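Please read the following report alongside the sequence and the coordinates.

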Amino acid sequence: MKKDLTSITSADIDAAMSKARPLSERRKPPTHQPAPSKLGGGFGGSPEPSAPPDWPDPEPLVDDRAPAPFPAHAIFPDAARAFVEAVARAYAVPLDLPALLYFTLAGGCLTYAGNGCRIVRVTPPWSETLNIYSIVALPSGSRKSQTFARMIGPVREYERELVEATRSDVSRATALRDIDANHLDRLKRSGTLSAEEQEEALMLAEKLASEPPPMAPRLLAEDITSERLAGLLSEQGGRIIVASPECDLIGLLRGRYADKGGVNLDPFLKGSSGEPLTVDRQSRHLHVPRPLVSIAMSAQPGALDAMLSDPVLNDRGLNPRFVFAVPASNLGEREMRTPPIPADVEQGYARLMRRALAWDGGMAPGQLREVPLTDKAVTHLDDWWRVNERTMRPDGPLADFTGWASKLPGTVVRLAAITTLMDNPGATEIDHGAVMMATDIGDWARAHALRAFGSAGLDPELSRARRVLGWLIRASARTGLRVFTRREVFQGLKGSTHTTFRRAEDVEEPLRALEARGWLRWLGGEGTTTVELHPRASECHGTKPPKPPER
């Protein structure tokens with residue numbers, strides 16, 4: 001007679017486990033019903049246990065449902081939207097990736113354009129620059145690098161043309177500077193100088209100190225240390241776009257290659273707001289009056305989790321400066337044949353970006369030009385502001401992330417300005433329509449930030465439980481089984497990236513946390529190490545696992 005599951009003892013479990021095969025050797029149960037095992041399911045080819053009728057749906061660990069995709073209607077001008085959508089189709093990536101890349105790159109191009117700097121004036125004390133910090137999290141194999149390359153293409157080509165156009169001037173200026181430096185060195189080594197020679201030496205020293213060394217123009221950087229970023233800002237008039245399709249920049253921000261004093265985050269912090277940057281080191285001194293950095297990154301979800309869990313990056317306020325996108329991965333759903341990007345669409349995007357880069361507006365070096373919001377735009381922004389402010393109340397969804405939420409209105413203003421100025425680089429005001437599109441993007445960004453913060457494992461127990469649950473769901477889809485031992489779970493997780501599971505006992509607490517929320521149940525009495533996954537776990541988790549292999 002088949003034994004009731006609630007009456008199974010640890011001795012029963014041990015006896016069944018001694019006959020069980022490893023997980024990798026198990027096979028999906030046959031369609032016919034073999035003789036039941038003592039366990040009543042899962043091991044030795046026996047059918048999996050059926051869920052009791054009173055097993056309710058589990059409680060969510062976090063809201064793991066993917067937020068809504070990027071609002072396509074808010075991508076403007078039309079040439080930008082057409083290209084962003086074409087890239088998403090061609091590379092089978094979520095729209096969020098090329099869309100957020102576009103806005104970040106466009107902000108960087110507008111920041112570079114001209115000899116001066118445009119700012120957006122909202123109210124007398126409140127103004128914003130045009131640069132954006134963004135990061136998109138997608139798993140490995142999602143074609144992030146290819147998407148980056150296509151979106152950055154026109155900017156890189158413009159940079160190459162600038163280098164070619166200035167190559168002769170840079171070479172000549174470098175040679176003249178070397179001549180002056182060598183002559184000054186000879187004067188210093190000549191011993192006693194006449195009054196005329198002393199005056200000449202002083203003039204040469206002042207000239208060399210006041211004129212920075214000639215440098216080839218740069219628009220783009222990739223994985224860059226804070227020290228090199230400060231130097232690059234000094235060399236390039238305070239403006240640079242950092243575009244990193246991999247997560248190496250996150251490692252640099254978190255302290256890779258840093259000395260014992262940690263990373264100097266000032267170039268990244270001040271590069272977001274445009275505050276003056278001064279570096280006083282024994283080996284060098286530099287001052288950048290208005291540094292403006294644009295950062296576009298993509299990373300694997302685990303790298304983003306590590307970044308958001310870093311106390312230094314949170315406490316210093318760097319993480320709250322980023323717009324996060326954590327779209328649902330479409331791996332497993334892609335088609336091999338995808339439509340190519342139409343030539344006219346790609347050309348239209350290239351013209352759009354080149355126009356933004358080439359605009360000068362007759363602005364003198366160092367000049368600031370304010371672009372105000374219209375009264376109607378300010379009214380709409382004020383209404384949206386009030387909604388956003390309520391999210392930071394003690395009972396609001398962003399109560400624990402007020403640093404990020406408080407910077408979101410500034411990001412919305414920057415997005416509205418980018419939308420307007422990409423359509424008309426000489427625009428003198430930001431209208432109501434641009435602000436409406438930007439607030440729609442702001443709502444999208446808020447939903448993605450909530451998911452990013454939840455996935456970052458700010459609660460270590462739930463972070464580990466999410467990893468265990470993810471493995472159980474994937475293993476169940478792969479094998480057709482729902483019963484697993486603690487050791488099998490550990491073996492499946494111990495080699496994963498960013499793992500915190502060093503011993504089989506380390507998965508015990510996450511399994512208990514999942515049991516408490518109804519995702520699984522223990523089979524057997526006290527001391528058992530076997531669990532059964534909820535039969536609707538994949539459905540309740542909101543994932544679409546691969547179909548079990550046919551046997």
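## A buried glutamate and its arginine partners

In this predicted model, E532 has a relative accessibility of 0% and therefore counts as buried, the cut-off being under 20%. This glutamate belongs to strand β13, which covers residues 530-533.

Two arginine side chains make polar contacts with the side chain of E532: that of R521 lies at 2.5 Å, and that of R482 at 2.7 Å.

E488 sits in helix α16, which spans residues 486-493. With a relative accessibility of 11%, E488 also falls under the 20% cut-off and so counts as buried. The side chain of E488 reaches a backbone atom, the nitrogen of T485, at a distance of 2.9 Å. Along the chain, E488 and A475 are 13 residues apart, and 10.0 Å separates their C-alpha atoms.

## The course of helix α4

Just after the helix, G191 adopts a positive phi of about 90°.

## A three-stranded open sheet

Strands β2, β1 and β10 form an open sheet in the order β2-β1-β10, and their pairing is mixed. The edge positions are taken by β2 (126-128) and β10 (368-372), each of which pairs on one side only. From one strand to the next, the twist averages 35°.

Strand β1, residues 117-123, runs parallel to β10 and is joined to it by five bridges. Within this pairing, R121 has P372 of β10 as its bridge partner. In general, the strands of a sheet pair through backbone hydrogen bonds, and the pairing may be parallel or antiparallel.

## Cysteines

How many disulfides does a search of the whole structure find? The search returns zero. For orientation, a disulfide is a covalent bond that links the sulfur atoms of two cysteines.

C109 has a relative accessible area of 0% and is buried, while C540, with a relative accessible area of 31%, is partly exposed. The value for C540 lies between the cut-offs of 20% and 50%, which is why this cysteine is classed as partly exposed.

Terms used. Residues numbered from 1 in each chain as written. Predicted model: local features only at pLDDT ≥ 70, side-chain atom pairs only at ≥ 80, totals over all residues. Heavy atoms only, no water. Helix = DSSP H or I, 4+ residues; strand = E, 2+ residues; numbered from the N terminus. Disulfide = S-S within 2.5 Å. Buried < 20%, exposed > 50% of the residue type's maximum accessible area, 1.4 Å probe, protein only. Polar contact = N/O pair within 3.5 Å; in protein donor to acceptor, adjacent residues only side chain to side chain. Pairing = 2+ DSSP bridges. Axes fitted to C-alpha atoms, helices over the stretch in contact; angles between N-to-C directions.
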